[in-house]
Amino acid sequence: MICKNCGSYFLLDGGKFTQYCANPIKGTNGSTCKSFGARQRYADKCKSDPILGTYEKAYKAHYARVMKKKMTKLEFSKWVPYAQEIKQKAYDCELEFEEYRKLIRK
């Protein structure tokens with residue numbers, strides 16, 4: 001196979017199909033093509049899926065509140081299942097997107 005990131009040839013190991021090799025990326029602190037590829041695919045998915053993108057943005061905003069001590073870890077741990085539940089309702093078309101966006105920001 002040819003790595004989609006660095007272009008080098010690599011062998012598939014253990015019968016697992018992957019598009020990225022396990023070689024370290026030059027200029028990074030131990031990051032590999034495989035880990036880079038996974039992050040890149042998730043970022044692309046967030047850009048193309050407005051529900052997931054909104055969830056990711058709200059998650060990061062709430063986590064930043066925890067880091068700045070404006071929200072406790074207990075409050076955050078209660079918010080996460082709530083956010084996942086309304087995200088699923090949005091995917092199931094039980095919530096309109098605008099309503100979902102309002103609810104997840106709380």
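## An all-helix model and its salt bridges

The protein exposes about 7,900 Å², and carbon and sulfur atoms supply 55% of that area. Please keep in mind as you look around that this is a predicted model. Its secondary structure comes to four helices and zero strands, which follow one another along the sequence as α-α-α-α. The radius of gyration is 18 Å, well over the 13 Å that the globule rule gives for 106 residues, so the protein is more spread out than a compact globule.

**Overall shape and packing**

- Taken along the principal axes, the box filled by the C-alpha atoms is roughly 45 × 35 × 25 Å.
- Buried residues make up 28% of the 106 in the protein.

**Charges**

- The protein carries 22 positive and 11 negative charges.
- Searching the whole structure turns up three salt bridges, and each is worth a visit in turn.

**Helix α2 (residues 50-67): E56 and K60**

- E56 pairs with K60 in a salt bridge whose closest N and O atoms are 4.0 Å apart.
- About one helical turn separates the two, because E56 and K60 are four residues apart in helix α2.
- E56 is buried, at a relative accessible area of 18%, which places this residue under the 20% cut-off.
- K60, in contrast, is exposed, with a relative accessible area of 54%.

**Helix α3 (residues 73-91): E85 and K89**

- A salt bridge joins the side chains of K89 and E85, at 3.6 Å from N to O.
- Both residues belong to helix α3, where K89 and E85 sit four residues apart, about one turn of the helix.
- K89 counts as partly exposed at 31% relative accessibility, and E85 is also partly exposed, at 44%.

**Helix α4 (residues 97-105): E98 and R101**

- The side chains of R101 and E98 meet in a salt bridge with an N to O distance of 2.7 Å.
- Here the spacing in helix α4 is three residues, so R101 and E98 are again separated by about one helical turn.
- R101 is partly exposed, with 26% relative accessibility, while E98 is partly exposed at 45%.

Methods: Residues numbered from 1 in each chain as written. Predicted model: local features only at pLDDT ≥ 70, side-chain atom pairs only at ≥ 80, totals over all residues. Heavy atoms only, no water. Rg over C-alpha atoms; globule rule 2.2 N^0.38 Å. Buried < 20%, exposed > 50% of the residue type's maximum accessible area, 1.4 Å probe, protein only. Areas by Shrake-Rupley, 256 points an atom, 1.4 Å probe, with all protein chains shown as cover. Lys, Arg positive; Asp, Glu negative; His and termini not counted. Charge placed at Lys NZ, Arg CZ, Asp CG, Glu CD.
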